[in-house]
Amino acid sequence: DFVILRLSLVRSPLYRADAVDPRAWTAAHLSDGDRPVHESDWTDGAGAAVRLRYDPEFGAVELERLWDRLARVSGGPWRISIRPTIPHVEIHLLPPDPERVSALSLMREVREIATALIPAR
């Protein structure tokens with residue numbers, strides 16, 4: 001089992017970005033026509049390889065921070081996608097261990113992340 005969250009923000013992000021665990025089956029669902037400009041590989045704190053794709057307005061460091069934040073409140077992220085089109089944010093992750101983290105904690109973190117992604121007016 002895993003959780004998919006699709007979020008529509010109040011204002012659209014002005015960039016595209018993806019962080020994807022290449023082992024996840026959902027990694028194959030990324031559209032090549034909507035691919036961000038830069039690509040790099042990163043190893044997360046758990047030692048897993050993560051493929052990063054991002055426009056210059058939102059870099060690798062920001063994606064790594066989002067990944068780490070979600071890793072702390074879930075069973076581990078598989079994919080984070082940010083787009084100017086709806087859904088603006090898509091997150092795929094393993095559910096948290098209920099003995100360690102509540103679903104409320106996960107949803108609070110997702111809300112904080114989403115709020116931070118809304119561009120200023």
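Burial and salt bridges

In this predicted model, Glu109 is part of helix H2, which covers residues 103-117.

Q: Why is Glu109 called buried?
A: Its relative accessible area is 15%. Buried means under 20%, so Glu109 is buried.

Q: Which residues is Glu109 in contact with, leaving aside neighbours within four places in sequence?
A: Arg69 and Val73.

Q: What makes Asp18 and Arg83 a salt bridge?
A: Their side chains meet at 2.8 Å, N to O. The cut-off is within 4 Å, so the pair qualifies.

Q: Why does this pair tie together separate parts?
A: Asp18 lies in strand S2, while Arg83 lies in the loop between strand S5 and strand S6, so the parts joined are 65 residues apart in sequence.

Q: Are Asp18 and Arg83 buried or exposed?
A: Asp18 has 1% relative accessibility. Arg83 has 8%. Buried means under 20%, so both count as buried.

Q: How do you know that Arg51 forms a salt bridge with Glu39?
A: The closest N and O atoms are 3.2 Å apart. That is within 4 Å. The pair links strand S4, which holds Arg51, to strand S3, which holds Glu39.

Q: Why is Arg51 called partly exposed?
A: Its relative accessibility is 26%.

Q: What makes Asp41 exposed?
A: Its relative accessible area is 62%. Exposed means over 50%, so Asp41 is exposed.

Definitions and conventions:
Residues numbered from 1 in each chain as written. Predicted model: local features only at pLDDT ≥ 70, side-chain atom pairs only at ≥ 80, totals over all residues. Heavy atoms only, no water. Helix = DSSP H or I, 4+ residues; strand = E, 2+ residues; numbered from the N terminus. Buried < 20%, exposed > 50% of the residue type's maximum accessible area, 1.4 Å probe, protein only. Contact = heavy atoms within 4.5 Å.
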